[in-house]
Amino acid sequence: MLVTLKVAATLDGKIASGSGNSKWITGPNARQLVHRLRHEHQAILIGSETLLKDNPSLNTRGIHQGTSPIKVILDSRGRMPRQAKCLRDDESKTIWVVGRKAPDPDWELPSNLIRLTSPGVRPEISWVLSQLENFDIHSILVEGGAQVHASFLKSKLIDKIYLFLAPRVLGNEGLSWCGELGIENLMDTLNFKIIRIEQLTPDLLLELQPIERLND
Ligand SMILES: NC(=O)c1ccc[n+]([C@@H]2O[C@H](COP(=O)([O-])OP(=O)(O)OC[C@H]3O[C@@H](n4cnc5c(N)ncnc54)[C@H](OP(=O)(O)O)[C@@H]3O)[C@@H](O)[C@H]2O)c1
């Protein structure tokens, strides 16, 4: 499984304001490249907070003959509403991954929605990826938010990060792009190699690959 993480952050690494607003941190050139990345991956994955706060449609726009990926929603408590925009697109499927304690929905699942119940209260990343392989999904673009990014980083199953950096600063009230990793020492940081830098005026793109921890 090819796992790519995409982040659109400010210079100080924030992906949303304190009030949860993230539209738009980067400019049109960066956003266009994100649509190309969506087109190039079979699936796109987000967490339930991003779904509830942003209500994204998660389709591919502005790409000639662009295909929209399958949408995957990690939603331990099964909070996705029937009206979620990502369910409006009849042409691409949504896989709704809920935890084992999630209540059954009180609405009928549309034909473009598959509901998977994980053995854990919160779906574990390695389990999710193995389930997606069963659907013949072999590439996935992870689009946040911070808690989901942290879980993927902890899983060590990421192949690549596309980090779009906008030349703006949000300050401490903003949400950092990666949630808690439980790291206390500099020796334990997760480390990456920069494999490409591209200016996407006014933003910058860093393409990164994970490398082994320095003390491993
Ligand atoms: N600029 C950007 O690139 C960008 C991209 C995406 C989102 N955002 C912003 O990020 C914010 C949301 O981020 P967030 O960190 O609050 O939430 P999030 O990562 O979008 O979603 C977290 C939720 O996903 C559920 N989940 C299920 N399985 C999980 C797992 N294995 N690991 C982690 N979470 C799992 C959890 O539900 P339970 O708590 O029920 O377990 C958790 O509360 C929004 O403000 C959005 O606008 C920005």
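**The ligand shell, sheet and core of a predicted model**

Of the 30 residues around the ligand, those that come nearest are Gly47, Glu49, Ser76, Gly144 and Gly145. Two or more residues of this shell come from each of strand 1 (2-10), strand 2 (14-16), strand 3 (43-47), helix 2 (48-54), strand 4 (70-75) and helix 4 (146-155).

**Around the ligand**
- Helix 2 gives the most to the shell around the ligand, contributing five residues.
- Sorted by class, the shell holds 12 nonpolar, 11 polar and seven charged residues.

- Nine strands form an open sheet with mixed pairing, in the order 6-5-4-3-7-1-8-11-10, and its edge strands, strand 6 (113-117) and strand 10 (191-200), each pair on one side only.
- Neighbouring strands of this sheet are turned against each other by 20° on average, when direction is ignored.
- Strand 1 pairs with strand 7 (residues 139-142) in the parallel sense over four bridges, and Leu5 has Val142 of strand 7 as its bridge partner.
- Helix 3 (residues 125-134) lies across strand 3, strand 4, strand 5 (94-98), strand 6 and strand 7, and runs at about 150° to strand 4.

**The nonpolar core**
- The largest nonpolar core has 47 residues, and Ile15 and Val72 are those with the most contacts inside it.
- Strand 8 (residues 160-166) gives the most to this core, with five residues.

Technical notes: Residues are numbered from 1 along each chain as its sequence is written. This is a predicted model: local features need pLDDT of at least 70, side-chain atom pairs count only at pLDDT 80 or more; totals for chains, interfaces and linings use all residues. A nonpolar core is a set of buried Ala, Val, Leu, Ile, Met, Phe, Trp, Tyr and Cys residues joined through C-beta atoms within 7 Å. A residue is buried if 20 or more other C-beta atoms lie within 10 Å of its own, exposed if 12 or fewer, and partly exposed in between; C-beta atoms are placed from the backbone. A residue is near a molecule or strand if its C-beta atom, placed from the backbone, lies within 6 Å of it. Ala, Val, Leu, Ile, Met, Phe, Trp, Tyr, Cys and Pro count as nonpolar, Asp, Glu, Lys and Arg as charged, and the others, Gly among them, as polar. Two strands pair if DSSP finds at least two bridges between them. Axes are lines fitted to C-alpha atoms, for helices over the stretch in contact, and angles run from 0 to 180 degrees between N-to-C directions. Two residues are in contact if their C-beta atoms, placed from the backbone, lie within 7 Å.
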